[in-house]
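Try each task before you read its solution.

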Amino acid sequence: METVQLFNALTTIGLFVFAISGALTALRNDMDIFGVSMIAFVTGVGGGTIRDVMLGSFPVWWIVSPSAVFICLAGAAIAILAQPLIDSRLKALIWADAAGLAVFSVLGAQAALAVEAPAVIAIFMGAVTATFGGVVRDVLLNEPPLILKQDIYATAALIGAGVYVGLLAVGVATNYGVVIASLATFAIRGAAIIFDIPSPKYARPRKSEQE
Amino acid sequence: METVQLFNALTTIGLFVFAISGALTALRNDMDIFGVSMIAFVTGVGGGTIRDVMLGSFPVWWIVSPSAVFICLAGAAIAILAQPLIDSRLKALIWADAAGLAVFSVLGAQAALAVEAPAVIAIFMGAVTATFGGVVRDVLLNEPPLILKQDIYATAALIGAGVYVGLLAVGVATNYGVVIASLATFAIRGAAIIFDIPSPKYARPRKSEQE
Amino acid sequence: METVQLFNALTTIGLFVFAISGALTALRNDMDIFGVSMIAFVTGVGGGTIRDVMLGSFPVWWIVSPSAVFICLAGAAIAILAQPLIDSRLKALIWADAAGLAVFSVLGAQAALAVEAPAVIAIFMGAVTATFGGVVRDVLLNEPPLILKQDIYATAALIGAGVYVGLLAVGVATNYGVVIASLATFAIRGAAIIFDIPSPKYARPRKSEQE
């Protein structure tokens, strides 16, 4: 498969699953059909949009690739139609989110490397691309950010982007690097979900301090 | 009237009413006078700013048109002075918001068409321009987003932008299209407020699922 | 000292203290180590990033100056290590925030003047640079924005930026202007913290109105 086709396929997957996660969150908030579609779109394209803005790649990617709109609308439609069949929307949301996280952390790092950002910035941009669609979703819906509530979330994205940058640095071909790093990210995030792995922390919260 | 004058007049109206809505929300939160002015400004220019960033139109519009600052400060001053006379700040806020929504959905779509964005993107940008000033206002003030609580809100903006793009497509002159589409949007939003029209939805929320 | 060295030194201070404030807030929310680092970074660079985007200065400043990442990580590490020694994390947070506010309001106004923005925009950009790192921090962590809860906060930033623009206008040298205006901002904010000075307001909140 050509690299550009692989990237397009992974972008489509990432958009689709993030759109589903956005739509599920919006449905839990009793939004109307257009609101659900809009949140699905914002969740899908949000992380990559923030990345493009930081890097100065204008117009942002989905302006010139309006198929993103239709992929996100398809994700919203699937979420709406499938939800009576879904046992736990929260669980479906967390797994859709994990898939998007895996794909977008790697694609985000790649986009930063493509404009010759330093490695440390590329890794950070991978995490931004992967997590900020969900952050925008949660902020718009006034929900406690999933990035906060879930252990090993931003962490998984940073590791995934780091693995990708590392693989390229040791000479692995782009196509293999993208696939290996995406699967590694999904495995890490999935293990954290299944085994409920706690992240390394330094202290218990002292919420009582907040006045 | 020249098209550019019409656009400037409508922009002034939109800025002014959104600034009032921002100031009213800030006043409800007991902010100080500079805070109120800042929220008024951010609410007024927020949607168009996000649109300009997405489209890659830099610097964003109000940097080169600082009269926007003064229009927003005037809106903040009016809100401060008028509030003892206002029966319900929430009601005044909702109607000011409706007027801003009507004007900015059409102007936002126009701005996207002006840089040759595809029709579907232009419609989406209309909704972004119209709704994201209010979203930023609500996010900054930690209030549940009005876009969420109000039925037929983003929906009205999407329809308004769609009507405008449609009118131009069938050959209606820009000036007439702008006015007709703005009035249509205001009528839709106003009807939703007055008659408390519910939006099409697919399921009741199952909030208990959120742990 | 050369102007560029002075600016770099002040930027380092601002980044460092805002990173500490971000890390302290994240620690209070029980985030994992990577989450804490990410919030520290976003708090440090957030205000200047939004300023750069508004002004159309791309790529945003820290992309080409990755030392910002390491300064913020250092701030996060200090916050993590020092927190058992800190009596009140909320108090430490407020003072770190005050120092960042002082430095970034002046640097933000300077950055806007450097691209020939009008004076009123430069003052506003100073306040944006100084306050929006903290706003992004609070929004990401779903906390009530400090900008809202603290009196004379955005106000201090606006005054600081205004003092700086005013000093340059009357012919004070850049270096002296930066230092004087920063110290003035810190003094104003510090006095507000110590003496709990209320800001000028126009009305008591009528929260009961919010349904």
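The residues that line the largest pocket divide into 13 nonpolar, 10 polar and two charged. This is a predicted model.

**Exercise 1. The largest pocket**

Task: Find the volume of the largest pocket, the residues closest to its centre and the helices that line it.

Solution: 
- Start with the volume, which is about 470 Å³.
- Go to the centre. The lining has 25 residues, and the closest to the centre are Phe7(C), Asn8(C), Thr11(C), Arg51(C) and Trp61(C).
- Now assign the lining to helices. In chain C, H1 (3-28), H2 (33-55), H3 (67-82) and H4 (89-114) each give at least two residues.
- Pick out the largest share. H1(C) provides it, with six residues.

**Exercise 2. Thr185(A)**

Task: Decide whether Thr185(A) is buried or exposed, and list its contacts beyond four places in sequence.

Solution: 
- Locate the residue. Thr185(A) sits in helix H8 of chain A, residues 174-195.
- Check the accessibility. Thr185(A) is buried because its relative accessibility is 0%, and the cut-off for buried is under 20%.
- List the contacts, leaving out neighbours within four places in sequence. Thr185(A) touches Leu101(A), Ala102(A), Ser105(A), Val106(A), Ala156(A), Ala157(A) and Gly160(A).

**Exercise 3. Helix H1 of chain A**

Task: Compare the span of H1(A) with the expected value, then look at what follows the helix.

Solution: 
- Take the length. H1(A) covers residues 3-28, with 26 residues.
- Compare the spans. From first C-alpha to last, H1(A) reaches 38 Å, close to the 38 Å expected at 1.5 Å a residue.
- Asp30(A) follows H1(A) and has a positive phi, near 65°.

How values were computed
Residues numbered from 1 in each chain as written. Chains lettered and ligands numbered in written order. Predicted model: local features only at pLDDT ≥ 70, side-chain atom pairs only at ≥ 80, totals over all residues. Heavy atoms only, no water. 1 Å grid on protein atoms, 1.4 Å probe; cavity = no way out; pocket = protein on both sides within 12 Å on 5 of 7 lines; lining within 4 Å. Points joined across faces, edges and corners; volume = space filled by probe spheres on them. Helix = DSSP H or I, 4+ residues; strand = E, 2+ residues; numbered from the N terminus. Nonpolar A, V, L, I, M, F, W, Y, C, P; charged D, E, K, R; others polar. Buried < 20%, exposed > 50% of the residue type's maximum accessible area, 1.4 Å probe, protein only. Contact = heavy atoms within 4.5 Å. Expected span 1.5 Å × (residues − 1).
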